[in-house]
Amino acid sequence: KTAKTPPAAKQSGSKGASSKNEYDPADLDTWFLVLVDTWWKDQHGFKLFEVSGEPEDDGSIIAREWRCAAELEPPGGFKFGHQKFKQGSKKLKRKARLLREPKQAYVEVSVRRMTHGKGGSFVEIEFEQERVSEAYTR
C-alpha cells in the first residue's frame, strides 16, 4: 500500500513542513499498533506506536513511540497486562523502515486514554497480552 502522507499544511508550523518533518497528532487520523520482534519473544516484549496512514513499501510510516511509564508504576508493579504508556514525543514523524524488519510483526490495538493525578495523560492497551501474543503468531 502507499502511505497516506499528511498534507504539508497539516505538518507542524504554520508554513508547511518543519525541518524535522514533525506532525501534530491533533491534525492526523491516528491508530495504535504493538510491534514485536522474535529477539524479544522469550520475554514477550513489544513496543507501542501511534501511527498515521499506512506503511510505505519500505516499511516507513508516520509514527511516535509510547513508552512504559515507570513513574506511574504502583508499589509492587503493574498488574499483568495493565502497563501504562506515555508518549515519547509531542509530535509524530516519519520513521524510516519501522515496519520492515523480517523478524518483526505488528497488530493494530485499541487503547484506553486516561489521566493521572500528576496532571498528565497515558494510555493502556486493551487486552494487552492477548494482542501481543497475536502479533507473535504472525
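Is Phe 85 buried or exposed? In this predicted model, Phe 85 has a relative accessible area of 4% and is therefore buried.

The structure contains two aromatic pairs. In one of them, Phe 32 and Trp 66 stand edge-to-face, with 5.5 Å from centre to centre and 65° between the planes. This pair joins distant parts of the chain, since Phe 32 belongs to strand 2 (residues 30–37) and Trp 66 to strand 4, 34 residues apart. Phe 32 and Trp 66 are both buried. The other pair brings Phe 85 together with Phe 46: the ring centres are 5.9 Å apart and the planes meet at 55°, so the arrangement is tilted. Here too distant parts of the chain are linked, because Phe 46 sits in the loop between strand 2 and strand 3 while Phe 85 is in strand 5, 39 residues apart. With a relative accessible area of 16%, Phe 46 falls under the 20% limit and so counts as buried.

The nonpolar interior comes next. In soluble globular proteins, nonpolar side chains tend to be buried together. The largest nonpolar core of this model comprises 16 residues, and Val 34, Leu 48, Val 109 and Ile 125 are those with the most contacts inside it. At least two residues of this core come from each of strand 2, strand 7 (104–109), strand 9 and helix 1 (128–136). Val 34 illustrates these surroundings. Setting aside neighbours within four places in sequence, Val 34 is in contact with residues including Leu 48, Val 109 and Ile 125. Its contacts also include Phe 46, a member of the tilted aromatic pair, as well as the charged residues Lys 47 and Arg 131. A separate core holds nine residues, among them Trp 31, Leu 35, Phe 49 and Leu 98.

Charged side chains provide a further set of links, with a count of 10 salt bridges. Arg 94 takes part in two of the bridges described here. In one, the side chains of Arg 94 and Glu 56 meet at 2.9 Å, N to O. Glu 56 lies in the loop between strand 3 (47–52) and strand 4 (61–68), whereas Arg 94 lies in strand 6 (residues 92–95), 38 residues apart. In the other, the closest N and O atoms of Asp 58 and Arg 94 are 3.8 Å apart. Asp 58 is in the loop between strand 3 and strand 4, and is 36 residues from Arg 94 in strand 6.

Glu 124 is part of strand 9 (residues 121–125) and Lys 84 is in the loop between strand 4 and strand 5 (85–87), so the bridge ties together parts of the chain that are 40 residues apart in sequence. Glu 124 and Lys 84 are both buried. Finally, salt bridges also form a network, which links Glu 50, Arg 64 and Arg 113.

Key: Residues are numbered from 1 along each chain as its sequence is written. This is a predicted model: local features need pLDDT of at least 70, side-chain atom pairs count only at pLDDT 80 or more; totals for chains, interfaces and linings use all residues. Side-chain values use heavy atoms; hydrogens and water are left out. A salt bridge is a side-chain nitrogen of Lys or Arg within 4 Å of a carboxyl oxygen of Asp or Glu. Helices (H or I, at least four residues) and strands (E, at least two) are DSSP runs, numbered from the N terminus. Buried means under 20% relative accessible area, exposed over 50%, partly exposed in between (1.4 Å probe, protein chains only). Rings of Phe, Tyr and Trp (its six-membered ring) pair if their centres lie within 6.5 Å; planes under 30 degrees apart count as stacked, over 60 as edge-to-face and the rest as tilted. A nonpolar core is a set of buried Ala, Val, Leu, Ile, Met, Phe, Trp, Tyr and Cys residues joined through side-chain atoms within 4.5 Å. Contact means heavy atoms within 4.5 Å.
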